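Hello,

Here is the structure I promised to pass on. Please have a look at it first, and then read my notes below.

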Amino acid sequence: MFAFSVRRVAQAVLVMFVISFIGFAIKYAVGDPVRDLVGISVSVEEREKVREQLGLNDPFVVQWARFLQKAMQGDLGMSYFFKRPATDVILKKAPATLELVICSSFIVILVSIPVGIFAAVRPNSWLSRFLMGASIVGVSIPVFLTAIVLIYIFAVELHWLPSYGRGETQMLWGVWDSGLATADGLQHLILPSIALSSIMLPLFIRLIRAEMKEVLETEYIKYARAKGIAPWRVLIVHAFKNTLLPVITVGGVQLGTMIAFTVLTETVFQWQGMGFVFLEAVERGDTSLLVAYLVFVGAVFVVVNTVVDIVYGLVNPMVRIASRS
Amino acid sequence: MSTLQKIRQSDLLHNFLRDPLAVGSFFVLLVLVAAGFLSPLIAPHDPYDTTTIDIMDSEMPPAWMDGGESRFLLGTDSQGRDLLSTILYGMRVSILIGIGAVVLQAFLGIFIGLTSGYVGGRLDAFLMRVADVQLSFSTYMVAIFIGAIFKTIFGVGLYAQVAVPFLIMVIGFAEWPQYARTVRASVLAEKKQEYVEAARVIGFPSSRIMWRHILPNALTPVLVISTVQVANAIMSEAALSFIGLGMPVTRPSLGSLIKIGFEYVFSGTWWITLFPGIVLVLLILAINLLGDWLRDYLNPKLYKGA
């Protein structure tokens, strides 16, 4: 187990190394920080001096090493547009995105587990047929279209819910700019969370249904039933518990996918999160911020995946033995 | 037996005709694709021809609503283009990009998967690690990053000119691991078969064994994932266009049409977004349903239904 963890962590470090290389290569190739710093009315000699001072004349590898060293300390350079450290800009927007992801995950868990179990237990009832059909349709609707339709129905036509922005937010513990603490903020959260969860729901309903169906066929479930254990207890305690492992693994990996989809959801709802700032950075050509987002999101993905893998290895010995050979 | 008779009596056709959902989605798909590719012939207007567009016609509702005109069946968009024609032309762009991207990812994936599975050893371990890592980042994120990087490097103007090949490349590069893994898995199974052994004993070169002997036998799963991948590619294209990393407004795909329409949703102009949206969902749904049927027919045990 120890060897397995070490190997996984080593791989994670290697991947981060590659990401930082790609990030730095973009920074190196695109944009001229000197021009952004001094403007155009400065002579060539002075420009050269600034270049020398900033170390921009050093070889690629030396500059990359410097970039890596700074990145380790959390310094990913200055955003050209905000004139502030790029890490600060992204960290300030992170709570918005994370709250969106957390609320959507909550919806996914609350809806997909009962629906998935129901569809597995009564596969032939019209309701489960309808739900499974709906999940195929659900997979085929892009998340931004769901979002637009939701806005049109609930905000433009019915005026029930706000259509964009985060509403009133409150600073929690001095660092976390939260929309969960105020009624207005919560109202603003409803539509984006539903839109974001709509893309994950069909996948999880189908996964839970498939795993549940498989478990219900096994001998020990038959035995538990024969023993006369209450049907709900067989379902929840005996069967459902054993479907959790694959569900959690897929869930961990899909958490990363959800971050990708926040870019789309945030665009539709003008949600001031990381994805929104990232797209603004692309529009403005703010390479520094773009690279910071790349490294930051890359790190989130790598950490989540590594943790999921190690947890999975802990629970399921087959994984770590298979990877040894 | 003639070829026609063979087709008529085949298991595939029989199975297909017995499944009304498959026939229905095939029919919808056929209509959509035909309408898209015949758009220069059947569309009432040419949305690329700026001389026929009148800005005074902009934001007209569909013909059956108040203020609509019979000239514009589904209404007009914000620039006065006929929405029906623009959707038809846009669908052609979306389908082209979808198919192009899948051809590219299939080519990359088959090449890498075949090499990886046949050669094995360190190369195999390395390539599959790369595929794993790329997959763990989710294809959307990879596509968004590649698109963003291209756009920053080349600037908005140039990006708009070469958007179609760019999108094909972006989506193709983002999704090759799917193919590589599938191909590798079946190559590993085929490699142990006796006919491969026989071919090796005869002394055929590895490349011939790989491409002429193993590959044809490993193609079934490739076919299965190809349909779903086309739907995925069309969806990725729409998503990229929607966030402004795809087709420009002057040559809209379904995704960028939805993006244009979105800005007008708040003023109650719903049709610019809704109609291309419905077409996009129909297109993806039809491909997905066909893909499901094909998967069940070709190999019921390939996936666990999830």
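A residue counts as buried when its relative accessible area is under 20%. A:S79 has a relative accessible area of 2%, so A:S79 is buried. Please keep in mind that this is a predicted model.

**A loop residue in chain A**

A:S79 sits in the loop between α4 (60-72) and α5 (86-121) of chain A. Setting aside residues up to four places away in sequence, A:S79 touches A:R84, A:P85, A:A86, A:V89, A:D286, A:S288 and A:L289.

**A helix residue in chain A**

A:V297 belongs to helix α12 (residues 287-315) of chain A. Its relative accessibility is 2%, which means that A:V297 counts as buried. What does A:V297 contact, leaving aside its neighbours within four places in sequence? The partners are A:I259 in chain A, plus B:M141 and B:F145 in chain B. A:V297 and A:V268 are 29 residues apart along the chain, and 20 Å separates their C-alpha atoms.

**Chain B overall**

Chain B has 13 helices and zero strands. Of its 306 residues, 52% count as buried. Among the contacts in chain B with a separation of 6 or more, 72% are between residues 24 or more positions apart.

**Helix α12 of chain B**

α12(B) has 12 residues and reaches 16 Å from its first C-alpha to its last, close to the 16 Å expected at 1.5 Å a residue. Is α12(B) mostly covered or mostly uncovered? Mostly covered: nine of its 12 residues are buried. They are B:L254, B:G255, B:S256, B:L257, B:I258, B:I260, B:G261, B:F262 and B:V265. These buried residues pack against α7 (143-157) and α10 (231-269) of chain A, and against α5, α11 (219-242) and α13 of chain B.

The axes of α12 (residues 254-265) and α13 (residues 271-298) of chain B come within 7 Å and cross at roughly 145°. The crossing is left-handed. On the α12(B) side the contact is made by B:L254, B:L257, B:I258, B:G261, B:F262 and B:V265, while α13(B) brings B:I272, B:T273, B:P276, B:G277, B:V279, B:L280 and B:L283. By type, the residues of this contact divide into 10 nonpolar, three polar and no charged.

As background, an α-helix has 3.6 residues a turn, so residues three or four places apart point the same way.

**The nonpolar cores**

The largest nonpolar core has 157 residues, and those touching the most other members are A:V268, A:F278, A:Y293, B:M91, B:F242 and B:L245. Helix α5 (residues 83-119) of chain B gives this core its largest share, 14 residues. Another core, of seven residues, lies apart from it and includes B:L108, B:I112, B:M128 and B:A180.

Leaving aside neighbours within four places in sequence, B:F242 is in contact with A:F144, A:I148, A:L264 and A:V268 in chain A, and with B:G255, B:I258, B:K259 and B:F262 in chain B.

Happy to talk any of this through.

Best wishes

Definitions and conventions: Residues are numbered from 1 along each chain as its sequence is written. Chains are lettered from A and ligands numbered from 1 in the order in which they are written. This is a predicted model: local features need pLDDT of at least 70, side-chain atom pairs count only at pLDDT 80 or more; totals for chains, interfaces and linings use all residues. Side-chain values use heavy atoms; hydrogens and water are left out. Axes are lines fitted to C-alpha atoms, for helices over the stretch in contact, and angles run from 0 to 180 degrees between N-to-C directions. Helices (H or I, at least four residues) and strands (E, at least two) are DSSP runs, numbered from the N terminus. A crossing is left-handed if the near helix is turned anticlockwise from the far one by less than a right angle, and right-handed if clockwise. Contact means heavy atoms within 4.5 Å. Ala, Val, Leu, Ile, Met, Phe, Trp, Tyr, Cys and Pro count as nonpolar, Asp, Glu, Lys and Arg as charged, and the others, Gly among them, as polar. A nonpolar core is a set of buried Ala, Val, Leu, Ile, Met, Phe, Trp, Tyr and Cys residues joined through side-chain atoms within 4.5 Å. Buried means under 20% relative accessible area, exposed over 50%, partly exposed in between (1.4 Å probe, protein chains only). The expected span of a helix is 1.5 Å times one less than its number of residues.
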